[in-house]
Amino acid sequence: MNNQREGSKNHSNTEVTNTNPWLLHLIQIHDTAFPTGSFAHSFGMETYIQEGDISNADSLKEFCNMYLRQNLASTDAIIVKEAYRLAKENDLQGLIRLENICHAIKLSPETRKGSMMMGRQFLQTVQPLNDSELFTRWYEKLKNKEIKSHYPVVYGIYTAMLGVDLRTSLETFLYSSITSIVQNGVRAIPLGQNSGVQTIFSLLPIIQETTNRVMTLDLEHLDNNSIGLEIASMQHEFLHSRLFIS
């Protein structure tokens, strides 16, 4: 009897603490083993590494700081936020227009291609896990080659359909983008795993600060002002040897 009471008490505790049913799945889609293909893209960082501008943990952190504040905050993170809003409003035409904008602001062909490759891989992987009408229609449009499926747009739609709150959606998008860059930097420079862990840890306050900033922005603030990064990405395809696709 005592065991039954204890079991009932434990069951009750589990129900009380399970306030975010999407939390574990959110962790799952950001696991390094989840097949988005992010391990294959440096988005221009490899050019800086080969030119010697990124050669240690400090210069990797400096690059990630710039990537967060000057690139993601004024481009992809705003796209995620807008896709989230449009998905909540079930505005399919608005999402198609947003994706065209996302395609246009990516100046480097490799960066544009990398965003589409990750978006398609992510969409094809998670589509069987979500039966919402909007997400299914987005997947059908990919199969019919009517959309390009950029990753920030798909991510915004998917997290909105999961019921994730907007702030968490933005914060996890920025976190996963930076962890992928750091992990790829650790492989390419190369650095020890501890240096990678410490670099990511040191960037966590900047991720939160950037999230706060993006929460106040909208499409009118969309601005690709990372000219050096775009040029590095354009130069990447002409490197003698390459570890990454972009």
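A: In this predicted model, Tyr-151, Pro-152, Tyr-155 and Thr-159 of α9 meet Ser-169, Thr-172, Phe-173 and Ser-176 of α10, where contact means heavy atoms within 4.5 Å and helices are DSSP runs (H or I, at least four residues) numbered from the N terminus. By class, the contact of α9 with α10 has four nonpolar, four polar and no charged residues; Ala, Val, Leu, Ile, Met, Phe, Trp, Tyr, Cys and Pro count as nonpolar, Asp, Glu, Lys and Arg as charged, and the others, Gly among them, as polar. The axes of α9 and α10 come within 10 Å and cross at roughly 140°, the axes being lines fitted to C-alpha atoms, for helices over the stretch in contact, with angles from 0 to 180 degrees between N-to-C directions. That angle makes α9 oblique to α10, since angles under 35 degrees count as roughly parallel, over 145 as roughly antiparallel, 65 to 115 as roughly perpendicular and the rest as oblique. The crossing of α9 and α10 is right-handed, meaning that the near helix is turned clockwise from the far one by less than a right angle.

Helix α5 (residues 76-88) also packs on α10: their axes come within 10 Å and cross at roughly 150°, again in a right-handed crossing. Here Asp-76, Ala-77, Val-80, Lys-81 and Tyr-84 of α5 make the contact with Leu-166, Ser-169, Leu-170, Phe-173 and Leu-174 of α10, and the residues of this contact divide into seven nonpolar, one polar and two charged.

The largest pocket holds about 670 Å³ of space. On a 1 Å grid over the protein atoms alone, a pocket is an open set of points where a 1.4 Å probe fits, with protein on both sides within 12 Å along at least five of seven lines, and lining residues have an atom within 4 Å of a point; the volume is the space filled by probe spheres set on the points, which are joined across faces, edges and corners. The largest share of the lining, 10 residues, comes from α10, and the lining as a whole divides into 15 nonpolar, 18 polar and five charged residues.

Beyond α10, Pro-190 lies in the loop between α10 and α11 (193-214), and a cis peptide bond joins Ile-189 and Pro-190, with omega about -5°.

Residues are numbered from 1 along each chain as its sequence is written, and side-chain values use heavy atoms, with hydrogens and water left out. Local features need pLDDT of at least 70 and side-chain atom pairs count only at pLDDT 80 or more, whereas totals for chains, interfaces and linings use all residues.

Terms used
Helix = DSSP H or I, 4+ residues; strand = E, 2+ residues; numbered from the N terminus.
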